[in-house]
Amino acid sequence: MDLSSLIECLVDPGCLINQTTSALIFAMLLFLIASGLSLIFGVLGVMNFAHGSLYMLGAYLTYTFYVGTSSFPLAIILGCFGIGVFGVFFERVFLKRIYAVHILYQLLLTYAFILILDDVAKLVWGYEFITMGAPDAFQRPPLELAGSFIPTYYIFVIIVGIIVAVLLWMFLWKTRYGKLIRATAHSSEMVMALGKNTTLIYAGVFGIGAMLAGLGGALAAPIRSIFPGMGSDVVVDCFIVVVVGGMGSIPGAFLAAILIGFMRAFGIIGFPLVEEALIFILMAVVLIVRPQGFFGRAEL
Amino acid sequence: MKRTILWGTIFGAALIILSFVYPSKFLINLFTQILIMGLFATSLNLLIGYTGMVSFGHAAFFGVGAYTAGVILQKYSSSVLFAFGTTIVFSALAALIIGSFCIRLGSIYFAMLTLAFNQIIYIIVIRWTNMTGGDQGLIGGIPLPPFLSTPRAYFIFTVIVVVASLIICKLVVDSPFGAILKVIRENADRAYSLGIRVKSYQLIVFVMAGIFGGLSGALMSLSISGAYPDFCYWAKSAEPIFMVVVGGMNSFLGPLIGAAIFKVLIAFSTMYTNLWGLIIGGVLVLIILLVRKGLVDYVMELVANRSVDSPKRLLSPKETG
């Protein structure tokens, strides 16, 4: 434990801004991926272990499209939609067969896809770590704030994260489709009895969830190294976000992601040895004190 | 009870004799690994198959056992007995602490919480560098006493430890205690209303699974003369689940057969390709989508259906989550 350097950092504007930015970057990427996972769990009731692999594929696709088209916005859109389409395919072909079975099989089927997709990534993109680097549009001097420098790309990611959070919330709460999705999460039989096509809703929700993971991967591609297996650490962090925020809750996921981002960024200064363990302890405490998480369960 | 011990002894003796009749280094090594992983998977099946608790963090105990035995033999003592005794105590303690948190929650939350504790153990292993070697793992070799230093001697040692552990597990699941575990699996609420202290039973079986998981970890670290953080990474917890599901969770020997299938699959696929994940993953997907039944369970049901007189199994896995 190193509380004195934590306090030193908190009173030093440079360090404070640095750590806050890195907390927010971490939080936004985590939120994008975890919100998809949370949405899928809320509606389909399946904990998708392969969600981290969708994030990985999103990063790879974006990298490939960026190299191919040299347009970053186009690469993001293609990567993100590519994963969305793959998600719908995945749900229709594999996942739909195991909704009614024991959770053991659900966990194991999605786990099997971690192995499969990691190897697919090795086959297609090779074993090497890929670093993409900031896209051309962001190759400009970083912003200077109180003596610390913030790369413009970071600001872009944070803004995108907040916009997506707001859009997702508005989609779920202010549109007809959102209402349908929330109703399905509550009682899919009832929605089906009312003549709505729940099959379509399931596929759509998984597609949206996959797209969010893909977007997370797309935005992470320029700042993190891309390699087969990059998803397996991320998916555990996402589980924590979903559990802490409340399974199925988007605002919960947002809050939990921010909390975990800050715990990471400042924990590394204050508790350098156990900084990673902190968030697991947070999860354990939340599960025991309030098992439904910050914002209840199955409430979108 | 006598039959269990008898069959166990015959099985163990047969394995040992086989290692003399057919002394292939490759096979002895493979069978050592299969037995170790078989014990690991069987210990997990006490939770999954017998009590209905899907733990996704069993590698925590494998890691605790592997590091405890490894560190003690490397740094503190040359007694294998002491190392295994300490392993039992430490894995039991770890399981007691982790279990008393996890059993408060059901189904998916239980799985998530065991996974979280699994990662806490992993982080402890990574960060406690001067004890565990951190990222590098416990390298530099683990000294073994002379009577265990050849592969065959270690194989015989493994056979004895694993068969003895399996006999104990079998006796436990056949006992009245085991019967209550099955009641809890089928309907925990009803068990509770019958006056069964569900949580106590769950905690006891969790500790038991932890002890045997720890023992298998200790056997593993001694067999490869090192312990690595991978042993307790969360993804390692999926391996025994694979064995349980593929071998069959409703038969006592299912997980052991599952371990054999897993190890043979890996051994063969790594001969031709290093993309073994594709093969293991593919097999898993096919089994889950097509049969959803382990090999031993499948065979047992065939046998049961042949003989009309034999009563059908009353306890089948619950198909609804």
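In the predicted model, the contact between the two chains draws 36 residues from chain A and 39 residues from chain B. On the side of chain B that touches chain A, at least two residues each are supplied by α5 (107–127), α11 (238–247) and α13 (276–291) of chain B, and among the contributors to this side α5(B) gives the most, with 12 residues. When the residues of the side of chain B that touches chain A are sorted by class, 27 are nonpolar, seven are polar and five are charged.

Within chain A, helix α10 (residues 231–245) and helix α11 (residues 250–270) have axes that come within 8 Å and cross at roughly 120 degrees, an angle that makes α10(A) oblique to α11(A). The crossing of these two helices, α10(A) and α11(A), is right-handed. On the α10(A) side, the residues that meet α11(A) are Asp237(A), Ile240(A), Val241(A), Val242(A), Val244(A) and Gly245(A), and their counterparts in α11(A) are Gly252(A), Ala253(A), Leu255(A), Ala256(A), Ala257(A) and Ile260(A). By class, the contact of α10(A) with α11(A) comprises nine nonpolar, two polar and one charged residues.

Helix α9 (residues 198–220) of chain A, which has 23 residues, reaches 33 Å from its first C-alpha to its last, and this span is close to the 33 Å expected at 1.5 Å a residue. Of the 23 residues of α9(A), 20 are buried, so this helix is largely enclosed by the rest of the structure.

Key: Residues numbered from 1 in each chain as written. Chains lettered and ligands numbered in written order. Predicted model: local features only at pLDDT ≥ 70, side-chain atom pairs only at ≥ 80, totals over all residues. Contact = placed C-beta atoms within 7 Å. Helix = DSSP H or I, 4+ residues; strand = E, 2+ residues; numbered from the N terminus. Nonpolar A, V, L, I, M, F, W, Y, C, P; charged D, E, K, R; others polar. Axes fitted to C-alpha atoms, helices over the stretch in contact; angles between N-to-C directions. Parallel < 35°, antiparallel > 145°, perpendicular 65-115°, else oblique. Left-handed = near helix turned anticlockwise from the far one by under 90°. Expected span 1.5 Å × (residues − 1). Buried ≥ 20, exposed ≤ 12 C-beta atoms within 10 Å, placed from the backbone.
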